[in-house]
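I opened the model to look up how its parts meet. My notes are below.

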Amino acid sequence: MKTIFVDKQNLEFLLYDVHEVTRLCQYPYFSDHSRETFDMTLETATQIAERIMFPQLTSVDRQEPQLQNGEVTVHPIVKEFLQAMGESGLIGADFPYEDGGAQVPMTITSIAGLIAMAANSGLMYTGLTAGAARLLTNFASSELKERYVPPMLAGKWQGTMCLTEPQAGSSLSDITTTAVPQADGTFAIQGQKIFISAGDHDACENVVHLLIGRIQGAPLGTKGISLFMVPKYLPDGTRNAITNMGIYHKIGQKGVPAMHLGFEGATAWLIGEPNKGLSYMFQMMNEARIGVGIAGAAISSAAYHAALTYAKERPQSRRLHTKSAVDTPQVPIIQHPDVRRMLLFQKAALEGSISLLVQTSLYFDQAHATTDPEEKEKYTLLLELLTPITKTYPCEAGVKITNEALQCFGGYGFTQDFPAEQYYRDIRITPIYEGTTGIQAQDLLGRKVMLQQGKAWAYLQKEIQQTESEAASFDALKPYAQQLGQLRQQIDEITHYLMSIAQTGETERFLSDATLYLHLMGNYVVAWQWLKQGTAALNKKVREEVTLKTMQYFFHYEIPQCAAWIHRLRDEVVLTQYPEVDFL
Ligand SMILES: Cc1cc2nc3c(=O)[nH]c(=O)nc-3n(C[C@H](O)[C@H](O)[C@H](O)COP(=O)(O)OP(=O)(O)OC[C@H]3O[C@@H](n4cnc5c(N)ncnc54)[C@H](O)[C@@H]3O)c2cc1C
């Protein structure tokens with residue numbers, strides 16, 4: 001039997017029925033595209049996922065990258081994968097034509113990425129290359145762009161993001177890597193970077209590091225950070241002064257080497273202007289964070305489908321009301337309410353996550369494609385506000401999804417006989433990299449909610465209110481539209497209450513429970529997405545029963561948790577602030 005790792009019908013429903021992504025083709029920037037070209041992109045990703053990625057899921061996990069005599073060896077499939085991705089044009093599919101891309105909307109490439117990551121998230125190489133290449137296309141000189149971007153998009157050269165240092169993870173303002181100007185206009189880089197994904201390997205011909213550092217004498221903090229391009233091999237073919245100091249042994253996504261790199265006077269080129277490095281990185285951040293959300297949803301998808309298949313096949317026990325009838329056959333475990341609860345949670349959180357990812361990607365594409373300044377502002381603000389939630393919800397809910405998926409397998413879930421244990425390990429990194437959940441929470445509550453004096457917030461509330469109005473025209477949805485409306489008002493109140501604490505200047509008190517606020521917002525916007533899905537299903541008479549039942553699960557089982565979070569956020573007893581006398 002063919003293994004399912006994504007539900008293609010659900011993806012089509014979300015893209016074309018719920019979010020109507022072909023609307024994007026009305027913008028001149030996307031006018032060469034149509035449903036046909038979108039489907040072709042998704043089909044290409046599916047073929048690589050099924051032919052190359054999924055068959056190697058286990059072996060990529062078991063055959064970890066090795067560092068020997070200073071060289072990194074990765075699983076042989078990595079080379080075949082990179083070649084296939086390069087030849088298919090998928091790495092740079094959403095780049096502009098002039099940069100070697102096909103101007104496919106990011107909404108479509110996100111879903112193509114989801115299909116690939118669901119097949120095997122241990123082959124997470126090309127998103128890094130695309131991110132690094134995009135930094136070059138946006139900010140590098142045309143000479144550097146012409147030399148470096150084409151082999152990267154062809155899958156021959158690996159791109160990396162070199163940000164983290166031993167003392168500077170969440171706090172990038174503390175980086176110390178130094179760049180010393182050279183007479184020929186290049187820079188000599190001195191310092192160490194840790195946890196660098198795909199930081200070196202033998203499946204590519206060159207590695208192109210996009211690295212942040214300080215030009216000697218630059219100011220402290222974020223204002224003194226510049227962006228550099230540091231290749232493994234220099235244009236004359238000699239090896240740059242970069243040492244593989246170590247390789248981390250991770251609990252998941254083992255196929256990608258996480259490297260500890262030493263830069264010992266390595267030759268580098270400045271990208272853009274001095275001291276603006278972090279602002280360039282931040283411009284790429286929305287995309288990278290949506291990318292991590294995609295990885296969370298992808299691994300969850302594979303875990304859910306594995307659990308669903310198992311639950312339909314595994315006989316164990318009898319129904320609760322016939323438990324004593326030992327002479328009757330055992331039933332498949334999917335017939336037990338508790339197993340159905342676990343599966344419904346996985347399905348509701350997963351499909352809600354994917355819908356949110358499509359929604360946010362759509363705002364990204366609309367913000368880029370529109371020429372109307374008002375529309376641009378609206379979509380940009382919505383994108384900014386939703387990004388920390390779109391990064392976090394699929395990853396944090398994904399950790400729970402893979403946990404429940406493993407639980408569905410019982411004892412077998414704890415063994416290597418089934419892939420559930422691998423998904424449980426693979427997903428765990430997603431709430432950590434590209435900004436931990438704690439950092440996303442501070443970004444949301446401390447910055448995004450009041451972006452442009454609350455304009456972003458007002459746009460979001462209006463979008464949600466509009467979904468409620470559309471849903472209310474269906475009797476079956478009316479109670480849920482009301483429930484979402486009540487929650488919207490409660491969330492508005494609690495947000496303004498928290499803002500009143502911010503105004504007192506007690507910043508630590510204001511942000512002390514920001515993560516709980518982020519969880520609340522996650523459930524809220526996913527409920528919005530479920531109401532949208534319910535409305536689309538009834539409007540278009542597609543997937544009505546499955547959509548309404550899963551939507552109901554989300555409203556009846558997940559939304560009640562919001563009351564507890566709101567209660568906690570109002571509670572004046574704060575135990576988490578660092579006290580005068582510590583008790584921990
Ligand atoms: C497998 C893997 C791949 C990675 N890939 C890359 C890569 O390609 N490139 C790259 O540059 N980096 C990469 N990273 C690094 C990753 O981005 C960092 O690990 C992450 O940003 C957290 O930094 P840290 O590990 O130093 O943890 P810390 O920053 O020390 O955080 C530890 C804990 O403290 C919390 N914390 C820290 N500061 C605050 C604060 N101000 N307020 C509240 N809570 C706080 C965090 O939320 C976290 O829970 C990778 C990491 C791993 C494990």
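**Ground rules.** I am working with a predicted model, where local features need pLDDT of at least 70, side-chain atom pairs count only at pLDDT 80 or more, and totals for chains, interfaces and linings use all residues. I number residues from 1 along each chain as its sequence is written.

**Domains.** I looked up the division of the protein chain: domain 1 (8-153), domain 2 (159-277) and domain 3 (439-584). These bounds come from an automatic or database domain assignment. Between the centres of domain 1 and domain 2, taken over C-alpha atoms, I read 24 Å.

**Domain 1 against domain 2.** I found 32 residues of domain 1 in contact with 27 residues of domain 2. Contact means C-beta atoms, placed from the backbone, within 7 Å. On the domain 1 side, the elements giving two or more residues include H3 (57-62), S2 (71-73) and H6 (126-139). Helices (H or I, at least four residues) and strands (E, at least two) are DSSP runs, numbered from the N terminus. H6 gives the largest share of that side, 8 residues.

**H9 and H17.** Next I checked helix H9 (residues 337-369) against helix H17 (residues 544-558). They pack at about 105°, axes 9 Å apart. Axes are lines fitted to C-alpha atoms, for helices over the stretch in contact, and angles run from 0 to 180 degrees between N-to-C directions. H9 is therefore roughly perpendicular to H17, a label for 65 to 115 degrees. In H9, the contact uses Leu-344, Lys-347, Ala-348, Glu-351 and Gly-352. H17 brings Thr-550, Tyr-553, Phe-554 and Glu-558.

Terms used. Two residues are in contact if their C-beta atoms, placed from the backbone, lie within 7 Å. Angles under 35 degrees count as roughly parallel, over 145 as roughly antiparallel, 65 to 115 as roughly perpendicular and the rest as oblique.
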